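Hi,

Here is the structure I promised to pass on.

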4 protein chains.
Amino acid sequence: MERHDRIVEVVSKHNKRDDLWIVLNGKVYDLTDFLPNHPGGQKVLLKFAGKDASKIFNPIHPPDAIEKFLPPEKYLGPLVGEFPQEEEILTDEEELRRELIERKPPLSQIINLHDFETVARQILPPAALAYYSSAADDEVSLRENHNAYHRIFFNPKILVDVKEVDITTEFFGNKTSAPFYASATALAKLGHPDGELSIARGCGKEDIVQMISTLASCSFDEIADARVKDDQQQWFQLYVNSDRKLMEKQVKHAEERGMKGLFITVDAPSLGRREKDMKMKFDDDADVLEDADDNIDRSQGASRALSSFIDPSLSWKDIGHIRSLTKMPIVIKGVQRKEDVLLAVDHGCQGVVLSNHGGRQLDFSRAPVEVLAEVMPELRAKGLDKNFEVYVDGGIRRGTDVLKALCLGAKGVGLGRVFLYANSAYGENGVRKACQLLKDELEMNMRLLGVTKIEDLKPELLDLRSLPNRTVAVAQDNLYSNNYQPMTSVEFKPEQD
Amino acid sequence: MERHDRIVEVVSKHNKRDDLWIVLNGKVYDLTDFLPNHPGGQKVLLKFAGKDASKIFNPIHPPDAIEKFLPPEKYLGPLVGEFPQEEEILTDEEELRRELIERKPPLSQIINLHDFETVARQILPPAALAYYSSAADDEVSLRENHNAYHRIFFNPKILVDVKEVDITTEFFGNKTSAPFYASATALAKLGHPDGELSIARGCGKEDIVQMISTLASCSFDEIADARVKDDQQQWFQLYVNSDRKLMEKQVKHAEERGMKGLFITVDAPSLGRREKDMKMKFDDDADVLEDADDNIDRSQGASRALSSFIDPSLSWKDIGHIRSLTKMPIVIKGVQRKEDVLLAVDHGCQGVVLSNHGGRQLDFSRAPVEVLAEVMPELRAKGLDKNFEVYVDGGIRRGTDVLKALCLGAKGVGLGRVFLYANSAYGENGVRKACQLLKDELEMNMRLLGVTKIEDLKPELLDLRSLPNRTVAVAQDNLYSNNYQPMTSVEFKPEQD
Amino acid sequence: MERHDRIVEVVSKHNKRDDLWIVLNGKVYDLTDFLPNHPGGQKVLLKFAGKDASKIFNPIHPPDAIEKFLPPEKYLGPLVGEFPQEEEILTDEEELRRELIERKPPLSQIINLHDFETVARQILPPAALAYYSSAADDEVSLRENHNAYHRIFFNPKILVDVKEVDITTEFFGNKTSAPFYASATALAKLGHPDGELSIARGCGKEDIVQMISTLASCSFDEIADARVKDDQQQWFQLYVNSDRKLMEKQVKHAEERGMKGLFITVDAPSLGRREKDMKMKFDDDADVLEDADDNIDRSQGASRALSSFIDPSLSWKDIGHIRSLTKMPIVIKGVQRKEDVLLAVDHGCQGVVLSNHGGRQLDFSRAPVEVLAEVMPELRAKGLDKNFEVYVDGGIRRGTDVLKALCLGAKGVGLGRVFLYANSAYGENGVRKACQLLKDELEMNMRLLGVTKIEDLKPELLDLRSLPNRTVAVAQDNLYSNNYQPMTSVEFKPEQD
Amino acid sequence: MERHDRIVEVVSKHNKRDDLWIVLNGKVYDLTDFLPNHPGGQKVLLKFAGKDASKIFNPIHPPDAIEKFLPPEKYLGPLVGEFPQEEEILTDEEELRRELIERKPPLSQIINLHDFETVARQILPPAALAYYSSAADDEVSLRENHNAYHRIFFNPKILVDVKEVDITTEFFGNKTSAPFYASATALAKLGHPDGELSIARGCGKEDIVQMISTLASCSFDEIADARVKDDQQQWFQLYVNSDRKLMEKQVKHAEERGMKGLFITVDAPSLGRREKDMKMKFDDDADVLEDADDNIDRSQGASRALSSFIDPSLSWKDIGHIRSLTKMPIVIKGVQRKEDVLLAVDHGCQGVVLSNHGGRQLDFSRAPVEVLAEVMPELRAKGLDKNFEVYVDGGIRRGTDVLKALCLGAKGVGLGRVFLYANSAYGENGVRKACQLLKDELEMNMRLLGVTKIEDLKPELLDLRSLPNRTVAVAQDNLYSNNYQPMTSVEFKPEQD
């Protein structure tokens, strides 16, 4: 292709549905044929037809995305010249956000995991916040995940020598510094330019396992390369692609790169309705939409984007096949009933993650810790609790949450959003601080529980009686309440004039 | 009658209790004798004595109301001339409302059924909103209907091939596109000039069953005529009139017009106290009342208006008679105890609707879904769950709500207010969008539940343990709460001056 | 005593602890010796020493209070002259209150019993409101009394002929128009100048039983004289005085005046701490107290005032004696355990009122309706439910509340504050309207329950399963809640500039 | 040491880590060697290096702290001259606080224990409030301690002669005026200059037992000396020091000084995370920290400070040894499971305090009153309830709370923060008033319960059914709630212009 074909003025004219070029990081691509297959929908491509889309492309695509999905002949060559910088006009909200970034609290003042979210909420770009924080439908399961831990209380032991407390444990036979891990989350670059890499480094330095998402915004190899020491443990989270050959390649590559576990996500045959995220799209698209037909169905934009990576026909019979592909421990992620835990055992898996995908898939799915309390007695009764590892994720914010799950019988717990928020706000140092805070809480609270080793955490240390006390109050009697005048505390003398 | 008798100036003088003419849509009527029999009470007739009442008459009466209730000789002939247009003075509230109509969100931004209500609340005339939204007494059952769904959680299955999901089902042997229907609601014209007709058209295009109310603001035939295709299903909802001959005529006419089911409402022997609606009447009447005796009992205005259509002596023995009049399936609507479900079986009915009339009748009647959870095991134990169809309505807003009812054993669910709000805000397109949204949610959530066909929805997919956890909290300790200083999140650095 | 001794200037000088005259309604009294025995405490007498105290005396003492408690020689004769009218300086609050009295809603707009309280709250003098509305300690039982009704739902019957509904019943064999009564309350004159008399007249005209308080602000005979017809039923509520002779006189007099029942209050051996009331006293006394010793214990002012009327040594053996004094049915008022109901039977009583004194005595005493649900099965099991009548009071605001109590087995229910508020806001007409509203609600809701006679109200019409679901939530997780961003409804388009 | 060495100008120069002098109450000390051993951390010493630290030292150290911990040779002699007074610049908050101290309500207006906290909250220095009010993690147990009492209701008896009520009782055979005591709390001087001494005097005058903290801000002997009469009872609370010789000395000294009980705290092997307290430290340190490395871990400042007094290796075998050292009754404080109560019996202890340290240690530890309800039946079944005394503390604010604990079987209850707040706000008189208020409430409520002696308080007087009803509500449905328009009370007529 001729040089002059790739100068800005010419590229700009290939801006139609049937003649659609786009510039990414200085390279010109012809996306005309790819348009209907774009997982993120056609709209965004049409919006950037004949333009430079690097700024919106980079944070949500790993660098190898182009090569993976586009035939090489569609690369037309390097751009000649440069698109003129668009002058940025900041909204008041955006100005405030940038000011808040300047005024971010120092990391030393972060004293618990909640604080990371508080900071991130205020400095994340709105679309990133919407993507990270959103959950399915009315977000009931999202909050129930956390709330359920508040229905479990402790029966601590006293007068136990707790001078030395050891919070280390093993996952699939590999030693780790604490019984939690950074769970797989997509699109870390939306919050921090280092994306999943700073999570990898922070976890590595703290000797905490990281689970790598199929949908990470860095490429799998970049993240594997980011390990800070040879024996740093990582796991690979797998969305089973409809293209099974591609999937097989992914599994084998993961094993080659030293992944210590393969976590197959099974709770996302299609992606849940996440309305905060959906609303955000409308805002972004406001200019495009102004003249658009009001009846276009845009409600499935994000879902369809990611769904094409995920095969809805995946079933138990596929698990046997995957089992045969690798020596890595295989763990089913997204299990929500004890029957399915037993099926995982039957299919030769090494473990399960009890999870409802952070409340992002089926609303009114139950809190994983509640499912855990049902699963473990069953496994113990069947003698299956020794060689089969049960993990939980969702809603964990405190060392006491972790201890509750471990007392019930979990081998470890995963945290997802917390690491995204810590990373978004403070990068690698934030990730480390998150690990440290949680370790500190774990150690202190084990001491207060009267326990010195992870394996001594037992159900008898818990009061589970109120775990089923998930209630909905009878609707308020507004007329009666309007009339009730609350009692008042003692009053100070009035100010003198 | 002479022409000059019907000129505006003359008509205006027939404005007394014992000489009362009223103009409706250009026709002059003598309502002197009819005054005491007006279902809506005498007051409104006296207010419009000698005037043109079309504007207030049309939205709440079907066009055939006059012929049905007035002897032909009371029609005095067409008005000669025209009443002078009253200059409209808008209140601030009314001006805001009209401005909000202009600023209504585009239909594309409606992403769930709640949104229709949000829009409708702000653009409906206050009297219409009061009528639609009000419920009995303290509106406890109204909200309990919805809340009860939040006490049911799911036990979803994983690793089921859910590539193809089918949400179609059959009601009384007739195929329908989804397991929900538009329930009968009165006075749709209060919210939209097309009234029940746009609901009929929207449902027809979406292949959703519509139940036609006896008290619709369009005439029954208009609504039947509004079907968009021959096999569009409609049901007829019957308030049994004290005049049994009239009732028999209604039933036979319904059958002739192809209604696929006869739903006899039995929970309204008298109409419930709906205080929001009652308050609205006071406002409307403010000018009339200023000089009135302060002791007039107006508390039963609306109730009495509609009650005269409904026979409080209706009892089980009437059901047998109605059964003999028609071949349509007969369904008892408003059942609230399992004993009465069994009686319905005994009386040869084909089904019941478990319903408390949207919380508009007896406050503290239970949520239908709670009754459903008791009824179905009983029917199954008696082998009656196959040839007898159980429906529920009340409080449904989400696809997950529908799935919960279906897992419990409901054949289908009805939505009433949602369709009124969708129709009021966006007419036929709103009705269609409401259907589409609910279908989308159903399909997606069946997939996430691990179910591909309606008949595979089973109670074991539900966690019902907290269904009875309908609680009322011990009253707050205000003094203690006043003193408690909530924890605070991390703070950003102060702004620099 | 000489005329000049009783002129204003002279009276004013008898203003010391050991020489204390006070003027009441134009009469001069020497209260020096009475000072230590004043049930309302010495402070108020000292405040009005040498002054005219009529304005503060009249609303809280029946007219015969002086003769009853003061030896005749302490009356010194009529005042000569007149105390100069003190110029009234109104606080902003008092001006607002007087303006609100002018703007009081017309009685026709009162549509439920709650509304009376709303009006009364805003127009009552603050001290009256504090006295009426206050309850013990943290006012938990006060609100629990009402809340408990919200934990009971209905199982209504359908297809019952409810054309004719009869809400009349009998109390102790005497027919009455509805199954509720106006319970005894003290100090009605604080709210309305007619005091208990307008309650008597209003109840009489509505054929509702009134219970007359020992501590009424009108004299017993005045209230008995206020009956509007010969067979109007009244009951007498008795605080048993330490002076048993006085008590015997009261009982016999009550019988002579035709009282149809004697209700002995037993839940007030000393009066509960009512902190709103206590605080009010401080405000009133602000001027007196300014120079006073800060350590005076004023916390028991009001309690001690009324307590001296009540003998804390009252016990079961006294009941037998009282039983022998009269033929009136004897009812123990203030029973809170089923054991004591059985003791009442054993001691020859005709009934009990399950009551915690409107939450004004022991905080955390249980809601009477909850106790009722335990008592009645016990009485039925022992065959005692026929000739022994059980009443309840506390927290009743709706017809459905009454029906719940009656379904459980109560013979009737008492309302106290509601009648005080209705009377305070609208006098006799308010009392009538309160009766009418409650009757209307009863009749309508019996129809909706599928019941036509009081005796057909049965426990099976209730769902009592959540009655014990009196919960206290685990304390809120403030950090988590701070971070959660609630979902938002659809937004209207922005205003155009 | 020469005189000129101790003049202000010279002392000021010894302001470095390796040459660190500090002035306390006019005496110069060399703290260079002590620096790494300071329980309160090095930072504060560095901040005051070469300066006068009396103002910050005195409120948190007993006067004998220096002699106890510093070798005599480190005292360099009296300061010569005086440090110039630093000019005080008040923040707005501090100005408001000082104004509020002036406007403090008179003690006579304090009508319940809550009021002390209301006053103290507003007049305490922020750091003192943070230290007193803070609790562990999310402060769930803090509030649960109080809330749990609200899940217990009464079954009061009637018609019992309650003229004479006796609230006196015995603790370990020693008579006391009421069944409660002032529990051990540290650092009373933060709130009031008299510190623990005014608590000692107030309790003495009210004949209430005081428990003296190992960490009191007055010295043990000062507090023992503050007794107002010979037989005033005090108990000694012991944190077992790693230096067992020191501990033995403390125990023997306590016995010599007439302590009537030895309470060994066992729930604090390390000090809980108290985030309000931690945050306060950041504010205090703001100036020091500005240039500091942002990554310093300061999160354990306060904890480590106090922790060094407490041996985390303390275990049951130490209890036997302590038992052999003294004749005082030995009580284990901080027991949270019935198993450990039985172990305390086995180890020869005379009692336990069921306590979670006011919610300051392990969050989600259970409310002591809930544990009590499980422990007592076990002790009774084993016949151990007679010679073994069970106490509870945490969350008590009302006489009814005390009665509930006593009905369950507690011998007495402890209050900690309440006495700190009463003392901080009003000194000795506040402490007395707190005792009086609680005694008054106890006496009144025993009368209302139908009980005249402490030993007649029995479990059957309680309704414990809702004690386990500790619930967490299903998360709110925000979209539904946004749409629900609450009912409104009747409205007054509009104001006339």
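To start with a question: which residue of chain A forms a salt bridge with R273(D)? The partner is E441(A), with the closest N and O atoms 3.8 Å apart. I count a salt bridge when a side-chain nitrogen of Lys or Arg is within 4 Å of a carboxyl oxygen of Asp or Glu.

Before the rest, some housekeeping. This is a predicted model, where local features need pLDDT of at least 70 and side-chain atom pairs count only at pLDDT 80 or more, while totals for chains, interfaces and linings use all residues. Residues are numbered from 1 along each chain as its sequence is written, chains are lettered from A and ligands numbered from 1 in the order in which they are written, and side-chain values use heavy atoms, with hydrogens and water left out.

Chain A against chain D

The contact (heavy atoms within 4.5 Å) involves 56 residues from chain A and 73 residues from chain D. About 5,700 Å² is buried between the two chains, with carbon and sulfur atoms giving 58% of that. Buried area here is the accessible area (1.4 Å probe) that two parts lose on being put together, summed over both. On the chain A side, I158(A), L159(A) and F492(A) supply 15% of the area buried against chain D, more than any other three residues.

Several elements give two or more residues to the side of chain A that touches chain D, among them α6 (113–123), α18 (399–408) and α20 (478–483) of chain A. Helices (H or I, at least four residues) and strands (E, at least two) are DSSP runs, numbered from the N terminus. α19(A) gives the most, with eight residues. By class, that side of chain A divides into 21 nonpolar, 16 polar and 19 charged residues. Ala, Val, Leu, Ile, Met, Phe, Trp, Tyr, Cys and Pro count as nonpolar, Asp, Glu, Lys and Arg as charged, and the others, Gly among them, as polar.

Chain D against chain C

Here 56 residues of chain D are in contact with 72 residues of chain C. The buried area is about 5,700 Å², 58% of it from carbon and sulfur atoms.

The salt bridge count between chain D and chain C is eight. E374(C) forms a salt bridge with R465(D), where the closest N and O atoms are 3.6 Å apart. The polar contacts between chain D and chain C come to 22 residue pairs. α19(D) supplies the largest share of the chain D side, eight residues.

The β18 strands

Strands pair if DSSP finds at least two bridges between them. β18(A) and β18(D) pair in the parallel sense over two bridges, with T471(A) partnered by A473(D). Two bridges also join β18(C) to β18(D), again running parallel, and A473(C) has T471(D) as its bridge partner. β18(A) is joined to β18(B) by two parallel bridges, and A473(A) stands opposite T471(B). Two bridges join β18(B) to β18(C) in parallel, with V472(B) opposite R470(C).

Symmetry

Chain D can be laid on chain C with an RMSD of 0.1 Å by a turn of 90° and a shift of 0.0 Å along the axis. The two copies are thus related as by a four-fold rotation axis. In chain D, T471(D) has the C-alpha nearest the axis, at 4.7 Å. Copies are superposed by least squares on the C-alpha atoms of residues with pLDDT of at least 70 in both.

One more salt bridge

Over all chains, a search of the whole structure finds 152 salt bridges. One of them joins the side chains of R470(A) and E370(A), at 2.5 Å from N to O. R470(A) lies in strand β18 of chain A and E370(A) in helix α17, so the pair ties together parts that are 100 residues apart in sequence.

Cheers

Key
Polar contact = N/O pair within 3.5 Å; in protein donor to acceptor, adjacent residues only side chain to side chain.
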